[in-house]
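Here are my notes on the model you sent. They run from the whole chain to single residues.

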Amino acid sequence: MDYKYKISVIVPCYNSEKFLKETLDNLLGQTLREIQIIAVNDGSKDSTADIIAEYAAKDSRILSVYQENAGVSAARNNGIEHAEGKYTMFLDSDDLFSENTLESMYNSLEETGADMGICRIMRFGYGGNEFNPIVDTFVKEKEIDCYDKRLLWNFLVSNKCYKTELLHKHSIRFTPLRYSEDGVFMMQFICGIHPKITGVYDAVMKYRRLSPDQGYSVSQRIEYELVEHFSRSHELIYKAAKDSFGSGKCADTEGYLQEILLKKYTALINEFYRSLWRGDDETLELIGKVAADAKSRMSDETKKKCSNVIKDIGEPVFTKKGIAENPYISIVAKKPSEEFISSLYAQTMPVFELVTKDKNTLPDYENISTASPKGKITVKLSGKAPLDMRFLKIVSLLKRSPKFGIFPDFLIKLGATILLKIKK
């Protein structure tokens with residue numbers, strides 16, 4: 001089959017004016033020139049359409065596609081229908097690739113004859129730069145087994161390159177869900193086709209993490225519908241794996257399903273529970289139900305592995321009132337600033353209370369108190385400068401540690417501060 005381009009990159013766009021130019025410039029600056037950029041405007045209400053039109057007028061490799069607002073899954077599916085590249089990739093409108101990513105992906109797929117390529121992931125923006133450590137363990141490998149459990153910890157769609165012919169031949173499309181839809185897409189491709197997969201270590205997909213004042217991306221929000229869609233997606237992922245076992249290609253079927261359940265629980269805690277102060281009680285209750293369902297199907301060994309996920313927060317309490325009544329950390333700040341409050345509620349360790357003199361001027365959170373500290377550890381702060389989002393997590397881990405937990409609270413606070421400086 002003849003293809004007009006080497007790679008098609010599908011960019012779903014919805015109210016993307018803030019970062020879209022940077023993303024399009026990044027794609028146009030790729031070392032691989034024979035590419036197609038499909039910008040799918042999903043009914044945006046800002047200047048997204050104007051930006052796409054401006055760039056499409058300057059470069060014929062950019063194809064502008066418009067659809068009434070139908071969500072990211074529909075936008076990506078629309079893009080697949082227009083793909084004229086031998087391979088297809090996806091990139092969100094606020095993310096980036098390293099300059100050589102498309103060229104490295106294409107060359108690796110051609111050299112190995114693989115159907116799917118996977119590259120590195122680097123998170124950037126709020127919280128600093130960080131490569132995904134799990135992905136880094138397997139993208140150096142030229143051949144990756146379809147049932148390699150490490151793949152289950154990397155559902156992100158944008159660090160993968162798919163053979164376009166197979167997407168069409170097997171009708172692989174995104175399910176109309178708002179969370180983990182990329183995981184369903186990947187698992188249907190892997191479990192339904194059993195493709196040849198290769199790693200591409202010298203290519204990097206850069207995933208942007210927004211700060212609280214920039215607003216939250218879908219993966220940083222906590223809403224009832226998102227948790228519901230997360231649960232439905234993971235059930236489809238579980239089903240895709242289970243239905244594929246008849247092929248005989250998976251040597252450890254039960255172990256593979258247990259890994260899916262562990263991933264589901266881990267993602268639920270890390271992506272939703274740790275952000276619980278941004279949600280409501282109904283959403284928190286649903287998180288608890290989904291977590292309980294996952295654990296009900298786990299083996300004792302898998303349940304033990306869950307303890308590593310929650311070692312800084314203890315056994316999760318799925319009510320805000322319960323956390324406020326029994327916090328692990330008490331933060332004492334006389335007159336906390338807006339910046340400080342914003343950073344405090346963006347922490348990855350949510351089992352805390354804020355003790356302050358004047359509660360009336362602060363947001364109406366259950367865990368803000370004027371009473372005496374109730375936590376296992378009390379940390380006194382000025383309340384002026386914003387906190388590193390990992391601060392409370394490190395404080396908690398140090399306090400729970402048999403080695404460091406015996407130290408006075410002020411020394412644990414100092415230790416956390418020093419560790420964060422080292423990690424930067």
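Helices, as the word is used below, are DSSP runs of H or I with at least four residues, numbered from the N terminus. On that basis, T266 sits in helix α9, which covers residues 253–271. Please keep in mind throughout that this is a predicted model.

1. Overall make-up. The protein chain contains 15 helices and 13 strands. Its radius of gyration is 23 Å, close to the 22 Å that the globule rule gives for 424 residues, so the chain is as compact as a globular protein of that length. Along the principal axes, the C-alpha trace spans about 70 × 50 × 40 Å.

2. Burial and contacts. Of the 424 residues in the protein chain, 55% are buried. Taking contacts between residues at least 6 apart in sequence, 77% join residues at least 24 apart.

3. Surface and charge. The protein chain has an accessible surface of about 18800 Å², and carbon and sulfur atoms account for 50% of that area. Its charged side chains number 60 positive and 59 negative, with the centres of the two sets 7 Å apart.

4. T266. Leaving aside neighbours within four places in sequence, T266 is in contact with W153 and V309.

5. T112. This threonine belongs to helix α4, residues 101–112. With 18% relative accessibility, T112 counts as buried, since the limit is under 20%. Which backbone oxygen does the side chain of T112 reach? It is that of S108, at 2.7 Å. Not counting residues up to four places away in sequence, T112 touches K142, K196 and T198.

6. E165. Helix α6, residues 164–169, holds E165. At 40% relative accessibility E165 counts as partly exposed, because that class lies between the buried limit of 20% and the exposed limit of 50%. Not counting residues up to four places away in sequence, E165 touches Y3 and K86. E165 and F185 are 20 residues apart in sequence, and their C-alpha atoms are 15 Å apart in space.

7. S171. Where is S171 found? It lies in the loop between α6 and α7, the latter being residues 181–193. S171 is not a glycine, yet its phi is positive, at about 50°. Its relative accessibility is 54%, so S171 counts as exposed.

8. H194. The loop between α7 and β9 (197–209) contains H194. What is the phi of H194? The value is near 55°, which is positive in a residue other than glycine.

Definitions and conventions:
Residues are numbered from 1 along each chain as its sequence is written. This is a predicted model: local features need pLDDT of at least 70, side-chain atom pairs count only at pLDDT 80 or more; totals for chains, interfaces and linings use all residues. Side-chain values use heavy atoms; hydrogens and water are left out. Helices (H or I, at least four residues) and strands (E, at least two) are DSSP runs, numbered from the N terminus. The radius of gyration is taken over C-alpha atoms; the globule rule is 2.2 Å times the number of residues to the power 0.38. Buried means under 20% relative accessible area, exposed over 50%, partly exposed in between (1.4 Å probe, protein chains only). Contact means heavy atoms within 4.5 Å. Accessible areas come from the Shrake-Rupley method with a 1.4 Å probe; for residues, only the protein chains shown count as cover. Lys and Arg count as positive and Asp and Glu as negative; His and the chain ends are not counted. The place of a charge is taken as NZ of Lys, CZ of Arg, CG of Asp or CD of Glu. A polar contact is a pair of N or O atoms within 3.5 Å; within protein, one must be able to donate a hydrogen and the other to accept it, and residues adjacent in sequence count only if both atoms are side-chain atoms.
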